[in-house]
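Visitor: I would like to go through this model with you. Could you show it first?

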Amino acid sequence: MPSTRKPPPLIAFVDTETTGLDPFLHDAWEIAVILRADGQDQEHILRIEPDLTNATPEALRINRFHARTADPAWVWDKREAAARRLHPLLDGAVLVGSNPAFDAEMLTHLLGRYFDQPRPWHYRTIDTTTLAVGALYGRAAERTRADCDATWYSKVARAVGWPWHSRDVSRLVQVEPPAPDVAHTALGDARWVRDLWDQVTVPDAFFAASDEQLAAMVGDAMSHLHRRQA
């Protein structure tokens with residue numbers, strides 16, 4: 001008898017670059033989705049020419065709208081075609097991002113022009129900054145039990161600050177944020193979100209490897225060292 005269990009939801013690492021912070025006034029002009037299925041990542045980028053009437057100058061400065069879109073290689077997607085491509089990509093997926101509630105709201109207003117269901121994704125979005133801070137407090141709990149020292153919690157609190165800043169938190173879990181020329185591009189930030197997710201949720205290859213894989217790692221490292229010394 002065939003299984004009736006549903007496959008787990010896809011993960012969609014998302015980021016949007018917008019003309020401002022108000023989804024009723026502003027547009028998402030660049031959208032990146034890294035869709036993970038069966039351990040494989042597929043990158044999708046959509047670029048939709050926005051209405052700049054109500055655009056916030058600061059937003060356009062931060063995401064370098066004018067400089068980036070002036071590139072001769074830049075090509076805009078048609079709005080409806082982009083929406084119809086995006087909707088099935090996100091259908092049932094769990095959105096993972098840096099403040100994904102904001103991205104979800106911007107996408108809702110885009111998809112709402114063409115679909116009766118403008119929120120096709122899973123109802124629970126995941127913020128990677130919150131995830132990383134949770135991992136840091138988890139480490140504090142482990143150290144507290146091991147050392148009988150509850151000051152580990154205050155150490156974490158001082159390190160992450162308040163309110164939490166995504167770039168600072170990212171560095172605390174050893175993921176370097178995007179360089180200035182990549183930051184605030186949709187794909188660059190989506191890749192950062194993906195790397196932060198993997199850093200917290202995927203075990204280091206060294207600890208997850210079999211004995212045979214560990215032996216191969218050591219062999220590769222020794223060969224590399226030998227070549228450098230030769």
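Visitor: Is Glu-80 buried or exposed, or in between?
Guide: Glu-80 is partly exposed, with a relative accessible area of 38%. Buried means under 20% relative accessible area and exposed over 50%, with partly exposed in between (1.4 Å probe, protein chains only). The model is a predicted one, in which local features need pLDDT of at least 70 and side-chain atom pairs count only at pLDDT 80 or more, while totals for chains, interfaces and linings use all residues. Residues are numbered from 1 along each chain as its sequence is written, and side-chain values use heavy atoms, with hydrogens and water left out.

Visitor: Which side chain does Glu-80 meet in a salt bridge?
Guide: That of Arg-84, at 2.9 Å from N to O. A salt bridge here is a side-chain nitrogen of Lys or Arg within 4 Å of a carboxyl oxygen of Asp or Glu. Arg-84 is partly exposed at 41% relative accessibility.

Visitor: Which residues are linked in a network?
Guide: Salt bridges link Arg-36, Asp-41, Arg-194, Asp-195 and Asp-198. Within that group, the side chains of Asp-195 and Arg-194 meet at 2.8 Å, N to O. Arg-194 counts as buried at 15% relative accessibility, whereas Asp-195 is partly exposed at 36%.

Visitor: Now the sheet. What is the strand order?
Guide: Five strands form an open sheet in the order 3-2-1-4-5, with mixed pairing. Two strands pair if DSSP finds at least two bridges between them. Strand 3 and strand 5 (126-127) stand at the edges with a single partner strand each, so one side of each has no neighbour in the sheet.

Visitor: Do strands 4 and 5 run parallel or antiparallel?
Guide: Strand 4 (residues 94-97) and strand 5 run parallel and are joined by two bridges. Gly-97 stands opposite Asp-127 of strand 5.

Visitor: And how many bridges join strand 2 to strand 3?
Guide: Eight bridges join strand 2 (residues 28-37) to strand 3 (residues 40-47), and the two run antiparallel. Ala-37 has Gln-40 as its bridge partner in strand 3. The two strands form a hairpin with two residues between them, and Asp-38 in the turn has a positive phi of about 55°.

Visitor: Which strands does helix 4 lie across?
Guide: Helix 4 (residues 100-111) lies across strand 1, strand 2, strand 4 and strand 5, running at about 75° to strand 1. Axes are lines fitted to C-alpha atoms, for helices over the stretch in contact, and angles run from 0 to 180 degrees between N-to-C directions.

Visitor: Changing topic: is Thr-129 buried or exposed?
Guide: Thr-129 is buried, at 7% relative accessible area, and lies in helix 5 (residues 128-147). Beyond its neighbours within four places in sequence, Thr-129 is in contact (heavy atoms within 4.5 Å) with Ser-98, Trp-164, Ser-166 and Val-169.

Note on methods: Helices (H or I, at least four residues) and strands (E, at least two) are DSSP runs, numbered from the N terminus.
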